[in-house]
Amino acid sequence: MSTHAPAVAARAVELSKTYGTGDTQVHALSAVSAEFARGEFTAIMGPSGSGKSTLMHCLAGLDSASSGSVLIGDTELTTLSDKQMTQLRRDRIGFVFQAFNLVPTLTALENITLPLDIAGRAPDAVWLNNVLDKLGLQDRLGHRPGELSGGQQQRVACARALAGQPEIIFGDEPTGNLDSKSSGEVLSILRAAVDEFHQTVVIVTHDPRAAAYADRVVFLADGKIVDELRDPTADSVLDTMKRLDEPASVSGGAHALATDAVV
Ligand SMILES: Nc1ncnc2c1ncn2[C@@H]1O[C@H](COP(=O)(O)OP(=O)(O)OP(=O)(O)O)[C@@H](O)[C@H]1O
């Protein structure tokens, strides 16, 4: 990776997303501004419907915002043509989503290397082996997705996202379907991508133990960033979640403080 790479891997600037009109209008995101530093692991948390997936999909160029902008490195996504957007997603971004999106007719290994094959790039053999070892996939590479358990399919999707060493990896509940062992393996490899390869990871999770693998946790509520934690532990994440569940009069001070810290 270039030593001149910008310090911020992804940035949302005054990002708003509104669904519907009139009485049924939903403000999924309300002027969210956030930076995701290069070489850092961030977890996004918040109650159901708070806008986590919407934020992640906008950051990853999978959905467009109603207003505001998203930058991946120095590239503003709204300036890109469809073709440029496809290339950016393919070359610079890795995705691990709950719906694994594996190709059923390809083997696990073929699924893992598919994005690289399409891009005409060869995987770094040492890195790929490391990923396959850490995710315990070496003896499953010849199997098709239908012959793998849910947890194994999720690990294949994770290996696919990591294989090309993209600048930034987005995960929407990447451990949502996994038992605690598989979950730990996926989170450890995401942590290694950050620590050993200076990649950037942003995941949405409901699980405080998963969030504890991150360097930073950003909390959303009602489409706004309301708090942030550095060097989280499962306990500090739980405490913050409880505090944010308290009535607005009690937690209002924390909201104002956190918003200042993030913007
Ligand atoms: N396509 C859509 N049409 C209308 N409303 C939508 C659409 N997608 C999301 N929403 C609404 O936007 C809000 C934010 O949704 P989002 O999926 O981002 O929340 P979330 O925090 O990821 O929730 P969860 O934890 O349940 O996955 C919710 O109120 C949701 O109902």
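This is a predicted model: local features need pLDDT of at least 70, side-chain atom pairs count only at pLDDT 80 or more; totals for chains, interfaces and linings use all residues.
Leaving aside its neighbours within four places in sequence, which residues is Lys224 in contact with?

1. **Lys224 and its partners.** Once the neighbours within four places in sequence are set aside, Lys224 is in contact with Ser30 and Val32. Lys224 sits in strand S10, and Ser30 is 194 residues away from Lys224 in sequence, yet the two C-alpha atoms are 5.8 Å apart in space.

2. Six strands make an open sheet with mixed pairing, in the order S6-S7-S8-S3-S9-S10. The edges belong to S6 (93–97) and S10 (224–230); each has a single partner strand, so one side of each has no neighbour in the sheet. From one strand to the next, the twist averages 15 degrees. Helix H8 (residues 234–245) lies across S9 (216–221) and S10, and runs at about 155 degrees to S10.

3. S6 and strand S7 (residues 168–172) run parallel and are joined by 5 bridges. If you want a pair to click on, Phe95 has Phe170 in S7 as its bridge partner. Helix H5 (residues 150–163) lies across S6 and S7, at about 170 degrees to S6.

4. **Ile168, worth a look.** This residue is in strand S7. Ile168 counts as buried because 21 other C-beta atoms lie within 10 Å, where 20 or more is the requirement. Beyond the neighbours within four places in sequence, Ile168 is in contact with Ala9, Ala10, Ile72, Arg92, Ile93, Gln199, Thr200 and Val202. Take Arg92 from that list: Ile168 and Arg92 are 76 residues apart in sequence, with 6.6 Å between their C-alpha atoms.

5. S1 (residues 8–19) and S2 run antiparallel and share 8 bridges. Among the bridge partners, Arg11 goes with Glu35 in S2, and Leu15 goes with Val32 in S2. Val32 is also one of the contacts of Lys224.

6. **The hairpin turn.** S1 and S2 form a hairpin with 6 residues between them. In the turn, Gly20 has a positive phi of about 70 degrees. Gly20 turns up again below, as it is among the residues surrounding the ligand.

7. **Around the ligand.** The surrounding residues are Tyr19, Gly20, Val26, Ala28, Gly46, Ser48, Gly49, Ser50, Gly51, Lys52, Ser53 and Thr54. Strand S2 (26–37) and helix H1 (52–59) are the elements that give two or more residues to this shell. H1 gives the most, with 3 residues. By type, the shell divides into 3 nonpolar, 8 polar and 1 charged.

8. **H1 itself.** Is H1 mostly covered or mostly open? Mostly covered: 7 of its 8 residues are buried. Those buried residues are Lys52, Thr54, Leu55, Met56, His57, Cys58 and Leu59. Lys52 and Thr54 are also part of the ligand shell. Just after H1, Gly61 takes a positive phi of about 75 degrees.

9. **Whole-chain numbers.** The protein chain has 9 helices and 10 strands. Its radius of gyration is 18 Å, which agrees with the value near 18 Å that a compact globule of 263 residues would have. The C-alpha trace spans about 55 × 40 × 40 Å along its principal axes, and 41% of the 263 residues count as buried. Of the contacts between residues at least 6 apart in sequence, 71% join residues at least 24 apart. Lys224 with Ser30, 194 residues apart in sequence, is a handy example to display.

Methods:
Residues are numbered from 1 along each chain as its sequence is written. A residue is near a molecule or strand if its C-beta atom, placed from the backbone, lies within 6 Å of it. Helices (H or I, at least four residues) and strands (E, at least two) are DSSP runs, numbered from the N terminus. Ala, Val, Leu, Ile, Met, Phe, Trp, Tyr, Cys and Pro count as nonpolar, Asp, Glu, Lys and Arg as charged, and the others, Gly among them, as polar. A residue is buried if 20 or more other C-beta atoms lie within 10 Å of its own, exposed if 12 or fewer, and partly exposed in between; C-beta atoms are placed from the backbone. Two strands pair if DSSP finds at least two bridges between them. Axes are lines fitted to C-alpha atoms, for helices over the stretch in contact, and angles run from 0 to 180 degrees between N-to-C directions. Two residues are in contact if their C-beta atoms, placed from the backbone, lie within 7 Å. The radius of gyration is taken over C-alpha atoms; the globule rule is 2.2 Å times the number of residues to the power 0.38.
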